[in-house]
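Biologist: Can you take me through this structure? Please keep the terms simple.

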Amino acid sequence: MNSAPAEVEAQEQVQEQVHAQVGIGGEQLRSQTAEQTRECGRSLGRRLKAGDLVILSGELGAGKTTFTQGLAEGLGVRGPITSPTFVIARVHPSLTGRAPLVHVDAYRLGSLAELDDLDLDTAVEDSVTVVEWGEGKAEVLAQAHYTVHLARALADDAAEAGAEDAAEAEDADGLPLDPRLITVTYYA
């Protein structure tokens, strides 16, 4: 049995949900797979412009870098997009004439002063800046900004998928689901 049409239909539903909700402050999206998380990022990336700041939060492994990979695709910048944990920040030039992406990982930064030492405020106006682990630190970079919180879904989400526990939840192809709840909020 060919499951491609079902997969395409499910992806289109996620895209419609994302296109309808991203950027409207306080909206929650559900993602069952890493590809759906990337699609959420792509949708936001298509809308971003120079001067936009996106602050990502969520536990380790929640999908912050996966979301950023999609955002970078939507923005049209050069990759690959990997976590900048050890280099702290990477600049990805535009391939399409749009704004470059400055991808920052604030996980290892202990204070607002250390973030300030990166001089990101000088790059914010000319680029799209994404700061992983930036909650409580990066808001000072721009008054208007997006926050994106990624959380692993709870066991009740697995029940909705027809499984007794999250480890048993599978998609139509028998692949394990890795559900996420993505909350996008815009602050003006």
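This is a predicted model: local features need pLDDT of at least 70, side-chain atom pairs count only at pLDDT 80 or more; totals for chains, interfaces and linings use all residues.

Biologist: What percentage of the residues is buried?

Modeller: Of the 188 residues, 44% are buried. Buried means under 20% relative accessible area, exposed means over 50%, and partly exposed is in between, with a 1.4 Å probe and protein chains only.

Biologist: Next topic. How do helix 2 and helix 3 cross?

Modeller: The axes of helix 2 (residues 34-47) and helix 3 (residues 64-75) come within 6 Å and cross at roughly 40 degrees. Axes are lines fitted to C-alpha atoms, for helices over the stretch in contact, and angles run from 0 to 180 degrees between N-to-C directions. Helix 2 and helix 3 are therefore oblique to each other. The cut-offs are under 35 degrees for roughly parallel, over 145 for roughly antiparallel, 65 to 115 for roughly perpendicular, and oblique for the rest.

Biologist: And which residues meet there?

Modeller: Among them are L44 and G45 in helix 2, and F67 and L71 in helix 3. Contact means heavy atoms within 4.5 Å.

Biologist: Which residues touch the most other members of the largest nonpolar core?

Modeller: V54, F67, L101 and V148 do, in a core of 22 residues. A nonpolar core is a set of buried Ala, Val, Leu, Ile, Met, Phe, Trp, Tyr and Cys residues joined through side-chain atoms within 4.5 Å. Helix 3 gives the largest share of this core, four residues.

Biologist: What does V54 touch?

Modeller: Not counting residues up to four places away in sequence, V54 touches L44, L48, L71, T129, V130, V131, Y146 and V148.

Biologist: Last one: is T68 buried or exposed?

Modeller: T68, in helix 3, counts as buried because its relative accessibility is 0%. Leaving aside neighbours within four places in sequence, T68 is in contact with L56, I81, L101, H103, V130 and E132.

Note on methods
Residues are numbered from 1 along each chain as its sequence is written. Side-chain values use heavy atoms; hydrogens and water are left out. Helices (H or I, at least four residues) and strands (E, at least two) are DSSP runs, numbered from the N terminus.
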